[in-house]
Structure formats: structure tokens, C-alpha cells
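Biologist: Please show me the model, and then I will ask about it piece by piece.

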Amino acid sequence: MLANLALMLTLALTLATQTSLATDNATASDTDLTSDAAFNRAVQAVKNKDYDAAIRIFEAQAEASQHDAQYNLAVLLHAGKGRPQNFQQALIWAWSAVLGGIEEATELADELADMIPEKALDAARESLREKLQTRIDAGDRTAVMQFASYHETLLAEADFETAYIWYSIAAAIGEDGSIKARDDAQGKVDDEDIVTLQVKAGTIFEGLTFKN
């Protein structure tokens with residue numbers, strides 16, 4: 001089950017190198033666990049096998065929607081490094097990373113999804129839905145496309161209607177790739193439902209405020 005651990009940790013560290021360009025310096029705050037400097041300390045902690053220190057930083061960054069950290073956290077939770085193994089939590093963070101564009105997280109997410117029962121999968125999906133909704137309610141515009149993709153790709157049965165609504169909202173605020181995604185989703189819903197879905201999208205949109 002853990003035969004790929006070394007490879008996965010290597011991928012996580014490689015990803016860290018690719019996505020975090022900043023290095024520790026005298027101006028970096030040691031108390032800011034969401035900074036690039038802290039990310040680099042966590043990467044070094046993994047290299048030093050100080051998994052407890054690493055996972056504390058990755059947890060803080062994962063909660064702050066830093067997707068490379070979400071993947072690294074999923075790897076450590078899958079492996080039971082720094083915390084006891086927790087496949088359900090690992091899956092939540094792996095899915096979060098996938099939605100955030102971390103392609104390397106897809107294989108891990110698929111493996112984890114095969115390892116836990118359907119009831120736990122449903123609970124993981126609901127937990128992720130709540131996290132995304134909370135981000136949207138807080139004004140995080142980047143969560144909109146991810147929420148749409150969640151409904152299209154991560155549910156036991158794809159919900160193209162809801163995906164279309166949220167892709168439409170993402171298109172309205174100019175998120176990259178949203179127009180194509182919206183149009184693709186439209187092709188998967190009944191024509192007779194389009195007007196109703198567009199009205200729903202407009203109503204939801206009017207109630208949203210984005211800060212970034």
C-alpha cells in the first residue's frame with residue numbers, strides 16, 4: 001500500500017521546488033506559517049525527516065488554500081508521517097489540490113478513493129463541499145471554478161446543472177478557463193433547463209461579494 005511513499009514524497013518535494021520560488025531570508029516572519037519561507041522550512045523538515053514540524057506548516061498552509069501544501073499534507077497523511085494515517089483526511093486534501101490545479105495529486109486522490117468505503121467517500125465529499133462554500137462566502141473568487149469542478153468531477157454522480165451555474169458565475173467574474181467550462185457543461189444539461197439554471201446563477205451571483 002505504501003510502496004510508492006518514497007516516490008510520492010519526492011514528487012511533493014519536487015513540486016515544492018517548482019511552485020515556491022522564495023527562499024528564507026532575514027525579513028521572513030518565523031511566526032507566519034503561510035509564508036513561502038515557512039513552506040521552504042516545511043520542505044526541509046521533510047528532507048530531515050522532521051515530519052511533525054513539516055505537517056504543522058503544511059496544515060496551516062492547506063487551510064489557507066495553498067494547493068501545493070495541500071498535496072504535501074495529503075502525502076504525509078497517507079503515509080502516516082507526522083500524524084497517524086488518515087486516508088479520509090488525506091483524500092480531502094488531495095482532492096483540494098486537484099481542484100487547485102496540482103496534477104500530481106490526481107494519482108494519490110484516485111488511490112485513496114479506492115481505499116476507503118463509500119460512506120467515508122461521501123463524508124469526504126461533503127467536507128470538501130463545505131470548505132469550498134466557506135471560501136466562496138468569504139469572498140474567495142478562486143473557489144468558484146473549483147466549486148463548479150467539484151460538482152462536475154468529484155461527486156459519485158456528476159451534477160452538470162450545478163456545475164453549469166457555478167461555471168457561469170466564474171465566467172461572469174472573469175476566471176481563466178471558465179467560458180469553455182461553462183459551455184461544455186451547458187452541452188451536458190437539458191436545453192429546457194437552461195433558462196432556469198441561468199436565473200439561479202444570476203440570483204446567486206447577486207448575493208456574492210468577492211475580495212480578490
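Predicted model: local features only at pLDDT ≥ 70, side-chain atom pairs only at ≥ 80, totals over all residues.

Biologist: How many helices and how many strands does the protein have?
Modeller: Both are DSSP runs numbered from the N terminus: helices are H or I with at least four residues, strands E with at least two. Along the sequence the pattern reads α-α-α-α-α-α-α-α-α-α-α. The count is eleven helices and zero strands.

Biologist: At what angle do α4 and α6 pack?
Modeller: Axes are lines fitted to C-alpha atoms, for helices over the stretch in contact, and angles run from 0 to 180 degrees between N-to-C directions. For α4 (residues 67-79) and α6 (residues 105-113) the axes are 10 Å apart, and the angle is about 35 degrees.

Biologist: Which residues of α4 and α6 make the contact?
Modeller: Contact means heavy atoms within 4.5 Å. The residues divide into six nonpolar, one polar and one charged, where Ala, Val, Leu, Ile, Met, Phe, Trp, Tyr, Cys and Pro count as nonpolar, Asp, Glu, Lys and Arg as charged, and the others, Gly among them, as polar. Helix α6 contributes Ala105, Leu108, Glu111 and Leu112, and α4 contributes Tyr71, Ala74, Val75 and His78.

Biologist: Why does α7 count as roughly antiparallel to α8?
Modeller: The axes of α7 (residues 118-137) and α8 (residues 142-153) come within 9 Å. Angles under 35 degrees count as roughly parallel, over 145 as roughly antiparallel, 65 to 115 as roughly perpendicular and the rest as oblique. Helices α7 and α8 are roughly antiparallel because they cross at roughly 150 degrees.

Biologist: What is the composition of the contact of α7 with α8?
Modeller: Residues of α7 including Leu128, Leu132 and Ile136 meet residues of α8, among them Val144, Phe147 and Tyr150. The contact divides into seven nonpolar, three polar and four charged.

Biologist: Is isoleucine 57 buried or exposed?
Modeller: Isoleucine 57 is found in helix α3 (residues 51-63). Leaving aside neighbours within four places in sequence, it is in contact with Leu33, Ala38, Phe39, Arg41 and Ala42. Buried means under 20% relative accessible area, exposed over 50%, partly exposed in between (1.4 Å probe, protein chains only). With a relative accessible area of 9%, isoleucine 57 is buried.

Biologist: What is the relative accessible area of glutamate 104?
Modeller: Glutamate 104 lies in the loop between α5 (87-99) and α6. Its C-alpha is 9.3 Å from that of alanine 94, ten residues apart in sequence. Glutamate 104 is partly exposed, and the relative accessible area is 30%.

Biologist: What is the phi of lysine 49?
Modeller: Most residues other than glycine have a negative phi. Lysine 49 is found in the loop between α2 (36-47) and α3, and is exposed with a relative accessible area of 64%. Its phi is positive, near 65 degrees.

Biologist: Where is serine 65, which has a positive phi of about 65 degrees, found?
Modeller: Serine 65 is not a glycine, although its phi is positive. It is found in the loop between α3 and α4.

Conventions: Residues numbered from 1 in each chain as written. Heavy atoms only, no water.
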